[in-house]
Amino acid sequence: MQVLSLVFTNLIRHRWRAMIGTAGIAFGVAAMLTILAIITGAIGMFQRILASDSHYLVFERNVSDLFFSSVTREQVAAIRARPEVEAAHPVLFGIVSAPDHPVITCFGIEATDPRLAKAEWRAGRREEFGVREGEIYLGSRAAEFLGARGGDTLAIGRGSFRVGGVFKTENGFEDGGVFLPLTEAQKFFHRGDAASVVTVKLRDERRGAEFKGGLEAAQPGVIALENREFNSTYNSFKILNFTGWAVGVCAFCLGGLSVANTMLLSVFTRIREIAVLRVCGFSSRQVAVLIFGEAAVVAAGGLVVGFGLGFALLAVLERVPQFHGYVQANVEPLVLLGIVGTAFVTAGGGAIYPARFASRIEPAEAMRYE
Amino acid sequence: MSDPREIVVHAHEVTKSYDGGRIPVLHEVSLTVRTGELVALWGASGSGKSTLLHLLGGLDVPDRGELAVCGLDPRTEENRLTLRRRHLGFVFQLHNLIPDLTVEENLRVPALAINRPRRETAARIRELAGQVGINHRLAHRIQDLSGGERQRTAICRALLNSPRLLLADEPTGSLDERTGATVFGLLKDLAERERITVVLATHERRFAEACHRIIRVRDGRLDEIAP
């Protein structure tokens with residue numbers, strides 16, 4: 001459609017207005033990308049913590065958050081005793097504080113936990129994990145922001161621990177966290193013999209239903225969910241995701257209003273020009289296409305600029321030491337697609353009224369008015 | 001013996017008023033224009049010339065009466081669009097070109113409306129621009145042109161899609177005497193060369209007298225007088 005060639009000409013003629021509209025969309029794109037990438041990254045990291053070398057996650061039934069879940073030692077033993085189970089690893093989650101660092105995630109794990117085997121040890125040895133009392137182990141990012149090295153003494157909460165080792169893990173949450181042997185963690189957090197969750201690896205993944213049914217029948221206080229099932233049902237993930245999209249869409253609405261305002265201003269200042277187009281044979285539809293085309297190009301420009309801004313911001317955030325490595329952006333194709341769709345829908349929505357107004361301009365009336 | 005030339009404009013007892021009938025502009029006017037005619041609607045400002053041209057061009061619709069332009073009733077949107085795209089060209093007192101665009105981009109506008117092939121459009125632009133002497137100005141912006149050049153550009157734009165009927169509303173009204181005469185001469189020559197019927201609204205007697213027919217417009221009524 002040759003009419004569209006006018007779209008670029010018009011935008012270049014009114015470049016400042018076009019740039020304002022583009023900036024509106026760009027900020028929306030950047031905001032949505034940054035928020036969703038951080039949230040998705042955070043959820044991903046948490047999922048990887050839970051799914052470390054396992055198929056199932058077992059935790060207390062009807063609990064609002066995993067931090068409040070309690071799976072007792074007897075229940076862990078019952079899980080391990082099941083014939084379908086190859087390995088079960090209890091994990092206790094807690095929050096500890098250190099001077100200047102009020103919130104640090106603490107993981108209480110056993111020495112056999114696979115995440116210790118996978119980690120790259122920078123100080124200390126894996127075999128010594130939990131051997132000596134009063135030792136704490138640090139993720140490499142945590143060691144960095146706490147300024148601690150192997151053998152140092154560290155004030156954690158009201159206690160004092162010797163750093164037994166430092167290791168690097170690929171997971172930002174783990175790498176920015178501290179680790180205690182499970183029994184030490186249970187004592188520290190006054191949790192008796194309870195763990196928050198148990199990650200379960202089956203001998204044969206196909207026997208998952210059998211494991212789940214058998215376990216839940218024998219231990220009605222716990223629930224076993226496949227990792228992907230957990231990811232889609234866990235309320236905190238849902239809330240985070242929803243919040244991310246909601247904030248992003250709100251940012252976009254502001255962008256849409258900016259497009260609407262820009263396009264409307266553009267139409268109002270071109271009433272005579274649009275009348276001339278109509279006199280020259282443009283149909284109402286072609287005039288509307290022109291306005292929507294301009295909005296679409298503004299949206300496309302906003303997407304390019306916004307993605308550039310968003311990715312740059314994410315790259316900076318991932319490197320800010322104050323975030324302790326907790327920002328591990330994860331940009332999923334679906335999120336990108338959602339952002340692209342939202343940008344075009346917002347710009348298109350913003351252009352509806354201006355396009356409607358423009359397409360209804362009666363040439364004779366517009367000429368008389370001018 | 002009846003005139004064998006095809007009727008391009010047929011208006012019978014056409015009435016038009018504004019503001020819900022409170023401002024009557026045309027009172028049951030009748031007019032027939034045939035192919036190749038150069039007809040002047042001559043009258044003072046506010047006499048109804050422009051309104052009649054707008055009705056003929058489908059820019060406005062009559063309240064009452066019969067109207068057919070190039071065989072189409074301009075009362076329907078579809079016919080109005082066909083007329084503007086295929087059969088009519090407009091030239092206004094104020095050139096009504098799009099500022100910031102170059103002469104060539106302005107001339108391309110009617111071709112965009114009908115998706116005319118680019119190469120064909122470019123050839124037609126060169127042809128018309130050559131005829132009115134603005135081919136050296138094609139790359140210039142409208143604001144860089146003189147009044148006469150702007151009006152010549154507007155005439156080229158009106159003729160781009162080779163219309164059958166050219167409606168010119170005071171095309172020399174904003175020009176000085178000499179430039180006005182030049183532009184009118186060009187308009188007349190082009191119309192004859194391209195065999196286009198022209199209805200010209202003017203308040204200047206000298207231009208009306210140079211037309212084939214003069215129709216005086218006074219208080220919304222038409223009255224044919226000898227040229």
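## Two chains and how they pack

Let's start where the chains meet: 18 residues of chain A are in contact with 18 residues of chain B. Here, "in contact" means that the C-beta atoms of two residues, placed from the backbone, lie within 7 Å. This is a predicted model, in which local features need pLDDT of at least 70, side-chain atom pairs count only at pLDDT 80 or more, and totals for chains, interfaces and linings use all residues. Residues are numbered from 1 along each chain as its sequence is written, while chains are lettered from A and ligands numbered from 1 in the order in which they are written.

On the side of chain A that touches chain B, α1 (3–13), α11 (271–279) and α14 (363–369) of chain A each supply at least two residues. The biggest giver is α1(A), with 5 residues. Helices (H or I, at least four residues) and strands (E, at least two) are DSSP runs, numbered from the N terminus. Sorted by class, that side of chain A has 10 nonpolar, 6 polar and 2 charged residues. For this sorting, Ala, Val, Leu, Ile, Met, Phe, Trp, Tyr, Cys and Pro count as nonpolar, Asp, Glu, Lys and Arg as charged, and the others, Gly among them, as polar.

### Into the cores

Which residues have the most contacts inside the largest nonpolar core? They are A:Ile291, B:Ala40, B:Leu165 and B:Val199, in a core of 125 residues. Helix α2 (residues 15–50) of chain A gives the most to this core, namely 17 residues. Apart from it there is another core, of 48 residues, including A:Leu138, A:Val178, A:Phe188 and A:Ala194. A nonpolar core is a set of buried Ala, Val, Leu, Ile, Met, Phe, Trp, Tyr and Cys residues joined through C-beta atoms within 7 Å. A residue is buried if 20 or more other C-beta atoms lie within 10 Å of its own, exposed if 12 or fewer, and partly exposed in between, again with C-beta atoms placed from the backbone. As a general point, nonpolar side chains tend to be buried together in soluble globular proteins.

Let's zoom in on B:Ala40. Leaving aside neighbours within four places in sequence, B:Ala40 is in contact with B:Leu200, B:Thr202, B:Phe207, B:Ala208, B:Cys211, B:Arg213, B:Ile214 and B:Ile215. One of these, B:Phe207, sits in helix α7 (residues 205–209) of chain B. Not counting residues up to four places away in sequence, B:Phe207 touches B:Ala40, B:Thr172, B:Phe184 and B:Thr202.

Over in chain A, A:Gly306 lies in helix α12 (residues 284–319). With residues up to four places away in sequence left out, A:Gly306 touches A:Ile25, A:Ala26, A:Phe27, A:Gly28, A:Val29, A:Ala30 and A:Leu33.

| Residue | C-beta neighbours inside 10 Å | Counts as |
|---|---|---|
| A:Gly306 | 29 neighbours | buried |
| B:Phe207 | 24 neighbours | buried |
| B:Asp219 | 13 neighbours | partly exposed |
| B:Asn115 | 12 neighbours | exposed |

The last two rows are loop residues. B:Asn115 is in the loop between α3 (103–113) and α4 (118–132) of chain B, and its phi, near 55°, is a positive value in a residue other than glycine. B:Asp219 is in the loop between β8 (213–218) and β9 (221–225) of chain B; its phi is near 50°, also positive in a residue other than glycine.

### Helix against helix

Two packed helices are described by the angle between their axes and the distance between the axes. Axes are lines fitted to C-alpha atoms, for helices over the stretch in contact, and angles run from 0 to 180 degrees between N-to-C directions.

How do α5(B) and α6(B) lie? The axes of helix α5 (residues 147–159) and helix α6 (residues 177–193) of chain B come within 10 Å and cross at roughly 15°. The two helices are therefore roughly parallel to each other. Angles under 35 degrees count as roughly parallel, over 145 as roughly antiparallel, 65 to 115 as roughly perpendicular and the rest as oblique. By class, the contact of α5(B) with α6(B) has 6 nonpolar, 5 polar and 1 charged residues.

In chain A, helix α10 (residues 235–268) packs with α12(A) at an angle of about 140°, with their axes 11 Å apart. That makes α10(A) oblique to α12(A). Here A:Gly255, A:Val259, A:Met263 and A:Val267 in α10(A) meet A:Ile291, A:Glu294, A:Ala295, A:Val298 and A:Gly302 in α12(A).
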